[in-house]
Amino acid sequence: MNKNIITIGAGHGGIDSGAVGTTGLKEKDCTLAIALKTAELLTAVPEFDVHLLRSTDVYIGLAERGRMASRLGSRCHVEVHVNAFNGKASYASVWRSVHLPGDETDADKMSAAIAQALGVKSTGSQTKNGVEHPENDYFTVVETAYRGGVPHIFLPECGFIDHAPTEAKLRQQETVNVLAKAIAQSICGIFGVSLTAPSAPAPTSQPIEGPPQTYEVVTTLRGYLTADEALGGSNPKGTVKPGKYTVFNRKGEAVNVTLSAGVPGSWINAALNVKAPATAQTPAQTPGGSASGTILTVAKGSYYVREKPDFTSKILGIVTGGQKYTVVPAALNFKKIVYNGNAGYVGPAAWEK
Ligand SMILES: [Zn+2]
């Protein structure tokens with residue numbers, strides 16, 4: 001089956017926060033949350049091949065966004081935004097390309113669905129000539145995507161972030177979910193397909209309970225839409241750069257890391273969050289004692305190799321299910337192994353019983 005490529009851009013990002021609400025909610029975080037959820041819903045539609053322009057808090061230039069959609073072969077690009085004006089305005093609208101009048105009806109429908117999700121009015125399809133509003137204007141995205149041959153382009157403004165009741169709603173995952181569903185259903189309508197319910201009712205979409213946990217990413221990792229994809233390494237949707245994150249959710253070794261507490265981010269596989277071992281390690285000098293010991297097999301999964309028999313000591317690397325090592329008992333039920341020519345310690349849970 002030839003799938004329709006759908007591209008989704010979360011407006012703003014990185015140094016560009018977009019509009020900011022009166023209680024501090026940033027447009028770039030809202031757009032990312034809505035885009036991630038929309039992509040998750042559309043990924044369940046067999047007729048679609050969904051790509052996110054960004055799945056983390058990174059900056060992408062305006063024209064580059066349109067070019068990315070075009071390079072990916074997008075059949076429909078949606079660039080998600082939230083408006084801001086004077087704190088009083090509250091309505092939803094959807095911008096479309098002035099060159100694609102055929103999108104008007106669908107833009108109207110998308111606007112109405114978003115308005116309903118937010119409980120505000122819809123002003124429907126809007127358009128203006130992007131050429132007259134170069135690079136500073138977000139319609140550059142629309143114009144560039146159009147010139148690159150993308151046949152359907154929508155830029156929804158999901159209400160106004162500086163309208164206090166809307167900002168409060170946008171902080172709730174439930175609103176994000178309803179907005180994403182509204183956008184996803186509109187896209188399905190354009191292609192005459194139906195929005196399939198994702199097979200697993202996303203235990204991933206709720207934030208974890210309790211005080212926020214932080215998580216440090218120490219190496220560039222792939223980002224995923226779901227915990228299962230992160231664990232299986234399938235369908236990566238971008239990269240997660242090293243830095244300090246807040247944990248939005250966890251599932252096994254998969255961690256949903258976000259730069260904005262309360263807003264979902266990307267799933268990563270924590271087992272792969274390991275600094276690459278320094279190259280050209282000093283050649284093994286009597287590595288970790290004698291080779292005599294028991295041969296054990298690493299249990300299914302990935303486990304840290306540490307510098308000392310201590311869960312807080314430095315991580316040297318990982319061992320993965322099925323690998324066999326000669327082990328020597330060490331403190332705290334750790335097993336000492338020879339790893340990259342040096343002594344390493346692996347915790348008790350890592351071994352097949
Ligand atoms: Zn914006």
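The model is a predicted one. Start with the whole protein chain. Seven helices and 18 strands make it up in part. Of its 353 residues, 46% are buried. Now look at contacts between residues with a separation of 6 or more. In the protein chain, 68% of these join residues 24 or more positions apart.

Next comes a sheet. Strands of a sheet pair through backbone hydrogen bonds, and the pairing is either parallel or antiparallel. Here six strands form an open sheet with mixed pairing. Read across it, the order is β2-β1-β3-β6-β4-β5. Which strands stand at the edges? They are β2, residues 48–52, and β5, residues 121–126. Each has a single partner strand, so one side of each is left without a neighbour in the sheet. Neighbouring strands of this sheet are also turned against each other, by 20° on average with direction ignored.

Take the pairs in turn. Strand β1 covers residues 4–10, and strand β3 covers residues 76–83. These two run parallel and are joined by five bridges. To find the pairing in the structure, look for Ala10: opposite this residue, in β3, stands Val80.

Move across to β4, residues 91–96. How many of the residues of β4 are buried? Six of its six are, so the strand counts as mostly covered. The side chains split into two sets. Tyr91, Ser93 and Trp95 point one way from β4. Ala92, Val94 and Arg96 point the other way. Both sets are buried.

With β5 the pairing is parallel, over five bridges. Val94 has Ser125 of β5 as its bridge partner. Between these two strands the chain passes through helix α3, and this β-α-β crossover is right-handed. With β6 the pairing is antiparallel, over four bridges. There Trp95 has Leu155 of β6 as its bridge partner.

Now the helices on this sheet. Helix α3 spans residues 104–118. It lies across β4, β5 and β6, where β6 is residues 153–160. The helix runs at about 155° to β5. Helix α4, residues 139–147, packs on the sheet too. This helix touches β1, β3, β4 and β6, and its direction makes about 165° with that of β6.

Stay with α4. Why is this helix described as largely enclosed by the rest of the structure? Eight of its nine residues are buried, and that is the reason. What do they pack against? Just after α4 comes Gly149, which takes a positive phi of about 95°.

Conventions. Residues numbered from 1 in each chain as written. Predicted model: local features only at pLDDT ≥ 70, side-chain atom pairs only at ≥ 80, totals over all residues. Pairing = 2+ DSSP bridges. Axes fitted to C-alpha atoms, helices over the stretch in contact; angles between N-to-C directions. Contact = placed C-beta atoms within 7 Å. Buried ≥ 20, exposed ≤ 12 C-beta atoms within 10 Å, placed from the backbone. Right-handed = clockwise from strand over helix to strand, strands pointing away.
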